[in-house]
Amino acid sequence: MQPSITTLDNGLRIITAMRPDIHTVSLGIWVKTGAACETKAENGISHFLEHTVFKGTPTRTSLQVDEEIENAGGQTNAYTSREFTAFYAKMLKDDAELALDVLSDIFQNATFPEAELKKEKEVVVQEIKQTIDTPDDIIFDYLQEQAFGNQALGRTILGPAENVRAFSADDLRRYRTNHYAAENTVLCAVGNINHTDFVNMVKQRFSTFRPHINFTRDAQTYTGGFFAEPRPIEQAHVLLGFEGLKYTDPYYYPCTVMSTILGGGSTSRLFQEIREKRGLVYTTYSFSNSHSERGLFGIYAGTTRQELQTLMPVVCDEIKKICDQAVSDAELQRAKTQLKASMLMSLESSSSSSEILARQMLIFDRIIPVAEMVERIESVSKQDILTIAERIFSSTPSYTLVGDIDGHPDYAQIQTALKR
């Protein structure tokens with residue numbers, strides 16, 4: 001699967017990867033903008049725009065947008081993250097142009113009818129309430145807010161309900177004009193589709209697409225902090241975070257390997273120590289989230305109030321061990337194998353492949369060959385693990401709790417427990 005790339009005169013990049021062995025095409029539009037690119041007053045507008053573009057264009061009603069895709073047996077969806085927005089579909093190969101036509105229409109020509117906006121505002125407010133009511137969802141927003149305090153990167157993707165209810169059609173049009181442009185947009189198709197044919201389809205629909213964005217992203221600075229929210233529920237949800245890595249950091253791959261060793265599966269150190277040996281949790285894992293300028297490394301656990309005082313010192317001890325003691329050959333090799341297998345399995349899916357290729361182009365301005373990714377994973381050494389662990393876990397912690405947390409270790413206790 002060798003990707004082909006074409007750049008239009010306006011700067012729009014088009015990627016395809018031919019898969020002649022399948023009967024479908026996964027295609028979409030990816031834009032490098034999201035919640036981290038909003039002002040405080042705009043917070044939530046990227047996500048609201050993603051919802052409302054489906055509500056009609058000059059030539060299609062909201063129902064027609066859905067019917068045209070589903071009548072052809074296809075699937076369409078969209079998402080918003082802190083730095084990306086995507087609109088995508090999966091179709092039978094003969095209906096790829098239909099999907100592109102619908103996606104390009106809603107992407108560029110959505111009219112935001114007032115009646116539809118009024119209804120969708122309440123839909124999104126319900127989504128906000130659902131997230132707030134789900135402790136193992138909302139705690140991640142709390143962690144992000146502590147890690148990147150008073151910054152766009154620290155705000156929620158959904159935004160506050162009062163913002164959503166206040167957005168107007170003019171606000172959406174203005175945001176679309178400023179944030180959706182050829183220079184930060186990629187179209188990608190993976191499946192049974194010819195590159196030249198897809199480029200011609202895109203040219204017909206995007207040749208006059210505005211070339212340049214008109215916004216500036218806020219600088220991203222890691223701060224760290226503490227937040228606890230007692231709730232009358234059965235579990236205590238805990239997140240312990242640290243400053244992570246941006247996408248382009250040279251230690252990106254060592255960090256992913258280290259995270260896999262620490263909390264990447266049932267053989268990871270955290271899982272074995274705090275679940276299998278001690279029975280303190282049902283769920284625990286570590287993660288590494290990267291952004292354009294900064295990143296966030298975190299450890300999640302769900303436990304009971306009675307176990308919190310035991311759990312957190314054990315987590316801190318595992319952090320200190322991975323900073324101070326070289327990992328074993330077996331651990332290192334297992335983590336590398338897990339990462340390579342996960343990556344290669346993802347690339348077997350046309351939907352996942354299209355996502356990976358588009359994001360690589362938006363982040364790195366190139367497609368990273370699979371062989372290069374495999375080599376970078378394989379080249380991670382024991383010393384790299386020690387180096388990146390020391391770097392990450394020497395940063396100021398971000399510590400958040402939600403639920404039945406009475407008597408939890410406080411922020412000062414966590415800081416003390418992490419000292420080596």
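Q: How many aromatic pairs does the structure hold?
A: The structure, which is a predicted model, holds 20 aromatic pairs, a pair being rings of Phe, Tyr or Trp (its six-membered ring) with centres within 6.5 Å and planes stacked under 30 degrees, edge-to-face over 60 and tilted for the rest. Local features need pLDDT of at least 70, and side-chain atom pairs count only at 80 or more.

Q: Why is the pair of Phe148 and Tyr222 called edge-to-face?
A: The ring centres of Phe148 and Tyr222 lie 5.9 Å apart with their planes at 85°, so the pair is edge-to-face.

Q: What makes Phe148 count as buried?
A: Phe148 has 0% relative accessibility and therefore counts as buried, the term meaning under 20% relative accessible area, with exposed over 50% and partly exposed in between (1.4 Å probe, protein chains only). Tyr222, with a relative accessible area of 11%, is likewise buried.

Q: At roughly what angle do the axes of helix α9 and helix α15 cross?
A: The axes of helix α9 (residues 252-263) and helix α15 (residues 382-393) come within 9 Å and cross at roughly 85°. That makes α9 roughly perpendicular to α15, since 65 to 115 degrees counts as roughly perpendicular, under 35 as roughly parallel, over 145 as roughly antiparallel and the rest as oblique. Contact (heavy atoms within 4.5 Å) involves residues including Val257 and Met258 of α9 and Ile388 and Phe393 of α15.

Notes:
Residues numbered from 1 in each chain as written. Heavy atoms only, no water. Axes fitted to C-alpha atoms, helices over the stretch in contact; angles between N-to-C directions. Helix = DSSP H or I, 4+ residues; strand = E, 2+ residues; numbered from the N terminus.
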